[in-house]
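Hi everyone, thanks for having me. Please bring the sequence and the structure up on your screens, and we will walk through them together.

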Amino acid sequence: MKQLTTYLIDLDGVVYRGEELIPGAKEFVNWLSSNHKKYLFLTNNSFASEAQIVTKLTRLGIPTDGSHVLGAAQAAVIHIAHRFPGAYVYVVGEQPLFDLVRANGLQITNPGSHKAQPANTSSHKADVVLVGLDRTFDYKKLTEAVLAVRAGARFIAINRDSLLPVENGFIAGCGTIAAAIEAGSGITPEVVGKPQPMLLQEAMRLLGSHPEETVMIGDGLDTDILAGKAAGTHTLLVLSGKDSHESLEKTSIKPDYVYTSLAAVIQEI
């Protein structure tokens with residue numbers, strides 16, 4: 001693995017869990033830097049901006065900058081802005097996602113949102129329903145999103161992560177919310193984040209790398225590892241987050257490498 005030039009690294013469950021740095025993460029990133037490896041933190045995170053992720057990493061002891069972070073939320077909003085310029089968007093998400101939507105020239109149709117939509121629009125008139133993680137998601141938002149999709153809005157989910165690792169276990173992820181809207185609307189969302197290969201392909205484009213020299217490091221078999229396989233990269237599973245030896249034994253998804261954590265990776269290196 002030391003012969004590879006490019007390392008794409010998931011965050012939740014790999015580098016940190018909530019506000020706790022996972023053992024070995026800092027040492028691994030230091031090794032990447034000292035050996036002049038190319039790397040990007042790739043995140044399906046839809047409730048924090050790249051700037052907030054940089055701040056968090058620095059606070060936890062891994063100083064970095066925006067050039068080392070690429071998020072699915074940014075990719076999703078840019079995709080919508082290019083495909084539907086000036087579109088009306090019903091957002092299921094938290095404040096950074098609202099800010100990102102506005103920054104890309106899109107209109108928000110959520111009732112009561114800042115810079116409210118024109119009086120003749122509503123959530124049901126949205127061109128797009130964009131779904132990220134929303135830790136205040138409720139029945140009202142579910143109904144508004146379902147009705148908007150049923151009325152013809154394009155349904156786009158930032159990711160389909162069913163669970164999000166936190167300090168004391170897990171919370172329901174963006175994929176769980178998207179699944180509820182899918183059940184109510186009968187429409188399957190388009191997905192931007194992992195396990196779709198778009199994030200990895202964009203990362204390699206930015207770094208000037210090719211799949212055969214790249215490894216995707218993640219804690220999710222059905223997200224990170226599938227995304228790496230879809231993009232043609234090497235794959236490395238760490239067991240410090242979502243998946244375990246038990247889940248690995250039960251699946252047909254087989255990563256190229258398996259380690260307990262980044263601490264085990266750096267120890268072997």
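I will talk about a sheet, a hairpin, some salt bridges and one glutamate.

A word on the ground rules. This is a predicted model, in which local features need pLDDT of at least 70 and side-chain atom pairs count only at pLDDT 80 or more, while totals for chains, interfaces and linings use all residues. Residues are numbered from 1 along each chain as its sequence is written, and side-chain values use heavy atoms, with hydrogens and water left out.

Let's start with the sheet. Helices (H or I, at least four residues) and strands (E, at least two) are DSSP runs, numbered from the N terminus. Two strands pair if DSSP finds at least two bridges between them. Here, five strands make an open sheet with parallel pairing, in the order 7-6-8-9-12. At the edges sit strand 7 (107–108) and strand 12 (190–191), each pairing on one side only.

Now look at strand 6 (residues 88–92) and strand 8 (residues 128–131): they run parallel and are joined by four bridges. Valine 92 stands opposite valine 131 of strand 8. Helix 6 (residues 174–185) packs on the sheet, where it touches strand 6, strand 8 and strand 9 (154–157); contact here means heavy atoms within 4.5 Å. The direction of helix 6 makes about 160° with that of strand 9. Helix 4 (residues 95–103) lies across strand 6, strand 7 and strand 8, at about 165° to strand 6. For these angles, axes are lines fitted to C-alpha atoms, for helices over the stretch in contact, and the angles run from 0 to 180 degrees between N-to-C directions.

Next, the hairpin. Strand 10 and strand 11 form it, with two residues between them. Strand 10 (residues 163–166) runs antiparallel to strand 11 (residues 169–172), and four bridges join them. Leucine 164 stands opposite isoleucine 171 in strand 11.

On to charges. How many salt bridges does the structure hold? Twelve salt bridges, each being a side-chain nitrogen of Lys or Arg within 4 Å of a carboxyl oxygen of Asp or Glu. In one of them, lysine 194 pairs with aspartate 10, with the closest N and O atoms 2.9 Å apart. Lysine 194 is in the loop between strand 12 and helix 7 (198–207), and aspartate 10 in the loop between strand 1 (6–9) and strand 2 (16–17), so the pair ties together parts that are 184 residues apart in sequence. Buried means under 20% relative accessible area, exposed over 50%, and partly exposed in between (1.4 Å probe, protein chains only). Lysine 194 is buried at 1%, and aspartate 10 is buried at 7%. Asp10, Lys194 and Asp224 are linked in a network of salt bridges.

Glutamate 202 and arginine 205 also meet in a salt bridge (2.6 Å, N to O). They are three residues apart in helix 7, so about one helical turn separates them.

Last, glutamate 50, found in helix 2 (residues 50–59). Is glutamate 50 buried or exposed? Glutamate 50 is buried, yet has no salt bridge: the nearest side chain of opposite charge, lysine 194, is 12 Å away. For charge, Lys and Arg count as positive and Asp and Glu as negative, while His and the chain ends are not counted. A polar atom of the glutamate 50 side chain does lie 3.1 Å from the backbone nitrogen of glycine 71. Not counting residues up to four places away in sequence, glutamate 50 touches Val69, Leu70, Gly71 and Gln74.

Conventions:
A polar contact is a pair of N or O atoms within 3.5 Å; within protein, one must be able to donate a hydrogen and the other to accept it, and residues adjacent in sequence count only if both atoms are side-chain atoms.
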